[in-house]
Amino acid sequence: MWGIRDRQLGVLVAFMFAPFALQLVGWAGTPLGGGPCGAIGPDRFLLEQPQAFFYAQIMLWGISLLLATGFFILMLAFMHSNRVPKSQARPFVRVGLGLSTLTALIYLLTHTVGLPAPSPIGWLMSGPEPTDAIGILVLLALFGQIALALRWLAQPEPAKLALEAARHPSKAH
């Protein structure tokens, strides 16, 4: 996918791009909602919604950095004739895993129990933010990316498999 011969890594990169693409759909003003970064409405003052603004910015940074991480993996594929060495992609996949986990955790906490956020009058604790369809889709894309990253990281490198097979020919399938 997109010039990456490792099919699982290609799907993983697509899942890294998905949250940002979904957020762009949310900003387009569809009936599906504004997404996790579009929760700020023009009908409320920022003082009334410090949590929404603060955590929307953190979510935007998270999905933007996840997108950039996917682009780094894609550039590795272009530099290596579509075959990304697992040893070179592994640090980027780990960074993506951390970013998606943190972003999903912040989304879940702000939409279930609420988190404290800075405001002009100090730190305020507010209730859960409303959820919309784009936000749920972004969360599902983040969960999908987490699962794919864990699965991809758990696989041994092909070179290690070949070395193990050469050491123990009786165990080869």
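Student: Which residues of H4 are buried?
Tutor: This is a predicted model, so keep that in mind throughout. The buried residues of H4 are Ile134, Gly135, Val138, Leu139, Ala141, Leu142, Gly144, Gln145, Ile146, Ala149, Trp152 and Leu153.

Student: How many residues does H4 have, and how far does it reach?
Tutor: H4 covers residues 133-154, which is 22 residues. From first C-alpha to last it reaches 32 Å, close to the 32 Å expected at 1.5 Å a residue.

Student: Back to Gln145 in H4. Why does Gln145 count as buried?
Tutor: Its relative accessibility is 0%, so Gln145 counts as buried. The cut-off is under 20%.

Student: What does Gln145 touch?
Tutor: Leaving out residues up to four places away in sequence, Gln145 touches Leu12, Phe15, Met16, Leu66, Gly96, Leu97 and Ser100.

Student: How do H3 and H4 cross?
Tutor: Their axes come within 9 Å and cross at roughly 145 degrees. The crossing is left-handed. By class, the H3-H4 contact has 15 nonpolar, six polar and three charged residues.

Student: And at what angle do H1 and H3 pack?
Tutor: H1, residues 7-27, packs against H3, residues 86-112, at about 35 degrees. The axes of H1 and H3 are 12 Å apart. That crossing is left-handed.

Student: Which residues meet there, H1 to H3?
Tutor: From H1 come Leu9, Leu12 and Met16. From H3 come Ala89, Phe92, Val93 and Gly96. By class, that contact has six nonpolar residues, one polar and no charged.

Student: Does H3 have the length you'd expect, or what is its span?
Tutor: The 27 residues of H3 should span 39 Å at 1.5 Å a residue. Its end C-alpha atoms are 37 Å apart, which agrees.

Student: New topic: Cys37. Where does Cys37 lie?
Tutor: Cys37 sits in the loop between H1 and H2, the latter being residues 50-79.

Student: Buried or exposed, that Cys37?
Tutor: Cys37 counts as buried, because its relative accessibility is 10%. Apart from neighbours within four places in sequence, Cys37 contacts Gln23, Trp27, Ala56, Met59, Leu60 and Ile63.

Student: How far apart are Cys37 and Gly135?
Tutor: They are 98 residues apart in sequence, and 8.5 Å apart in space, C-alpha to C-alpha.

Student: Last one, the whole chain. What pattern does the chain follow?
Tutor: Along the sequence, the pattern is α-α-α-β-β-α-α. That is five helices and two strands. Of the 173 residues, 39% are buried. Among contacts with a separation of 6 or more, 69% join residues 24 or more positions apart.

Notes:
Residues are numbered from 1 along each chain as its sequence is written. This is a predicted model: local features need pLDDT of at least 70, side-chain atom pairs count only at pLDDT 80 or more; totals for chains, interfaces and linings use all residues. Side-chain values use heavy atoms; hydrogens and water are left out. Axes are lines fitted to C-alpha atoms, for helices over the stretch in contact, and angles run from 0 to 180 degrees between N-to-C directions. Helices (H or I, at least four residues) and strands (E, at least two) are DSSP runs, numbered from the N terminus. A crossing is left-handed if the near helix is turned anticlockwise from the far one by less than a right angle, and right-handed if clockwise. Contact means heavy atoms within 4.5 Å. Ala, Val, Leu, Ile, Met, Phe, Trp, Tyr, Cys and Pro count as nonpolar, Asp, Glu, Lys and Arg as charged, and the others, Gly among them, as polar. The expected span of a helix is 1.5 Å times one less than its number of residues. Buried means under 20% relative accessible area, exposed over 50%, partly exposed in between (1.4 Å probe, protein chains only).
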